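Q: Could you take me on a close look at the sheet in this model and at what packs on it? I would like one connected walk through that part, please.

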Amino acid sequence: MYGPYKSHFACFACRKAFKQPPISDWLAVRDRGYVYRELHRRWSLKSGLERREEELGFRLSDLESEFRDAIRKCPECGERMVDLGLDFKPPRQSESQAWKTLQGVYRVGHVFHTCGCDGPGYIPSTPVDYRRYLEDRRRLYEEHLKSTQESADLNADRKREAREYWAARLAAIGSELGVSIATNKSFSRQGR
């Protein structure tokens, strides 16, 4: 993807989002765009990828790590920003509750990395909607965990990796549900 279709990086502290270039553009500025394109073309063919990595003197995984680990600091406060994806549409800076909800949604792993065909997807707008969203996500993650553990197509290592991945996601949901309960209580106190 080239041109104006860039990832949005958000600073939850300042409640602002800034567009950043994709990996291919970011590496091109650092004179490694050609290398990245050559290696990325071969990512699915292990032997071809390894041979080309040796020829070029770079590893695809190292280039991707360099991009992911590059610190993108907020121009306002200097804190690290998070990558919310291509289809993230930030709320107004004054909408503090929407930003808090987005931060919680991010903590449980929801980002907006899509091709743009389906838009950003559902974003809860009230504390009640947020809790319902978390509970729905928990059920979905539990289903994913169960199906991967019952899969005959996965070996023991892949099942262990999947179990660890979904367990971490479920733990994040549990943590958020605790926060969500506290947030709902504070909203009811404010409404009195």
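A: Happy to! One term first: contact here means heavy atoms within 4.5 Å of each other. Keep in mind that this is a predicted model.

Three strands make up an open sheet, ordered 2-1-3, with antiparallel pairing. Strand 2 (16–20) and strand 3 (82–85) stand at the edges with a single partner strand each, so one side of each has no neighbour in the sheet. From one strand to the next, the twist averages 40°. In general, strands of a sheet pair through backbone hydrogen bonds, in a parallel or an antiparallel way. Here, strand 1 (residues 7–11) pairs with strand 2 in the antiparallel sense, over five bridges.

Helix 5 (residues 96–107) lies across strand 1, strand 2 and strand 3, and runs at about 90° to strand 3. Its 12 residues reach 17 Å from the first C-alpha to the last, close to the 16 Å expected at 1.5 Å a residue. Which residues of helix 5 are buried? They are Trp99, Thr101, Leu102, Gly104 and Val105. Just after helix 5 comes Gly109, with a positive phi of about 100°.

Notes: Residues are numbered from 1 along each chain as its sequence is written. This is a predicted model: local features need pLDDT of at least 70, side-chain atom pairs count only at pLDDT 80 or more; totals for chains, interfaces and linings use all residues. Side-chain values use heavy atoms; hydrogens and water are left out. Two strands pair if DSSP finds at least two bridges between them. Helices (H or I, at least four residues) and strands (E, at least two) are DSSP runs, numbered from the N terminus. Axes are lines fitted to C-alpha atoms, for helices over the stretch in contact, and angles run from 0 to 180 degrees between N-to-C directions. The expected span of a helix is 1.5 Å times one less than its number of residues. Buried means under 20% relative accessible area, exposed over 50%, partly exposed in between (1.4 Å probe, protein chains only).
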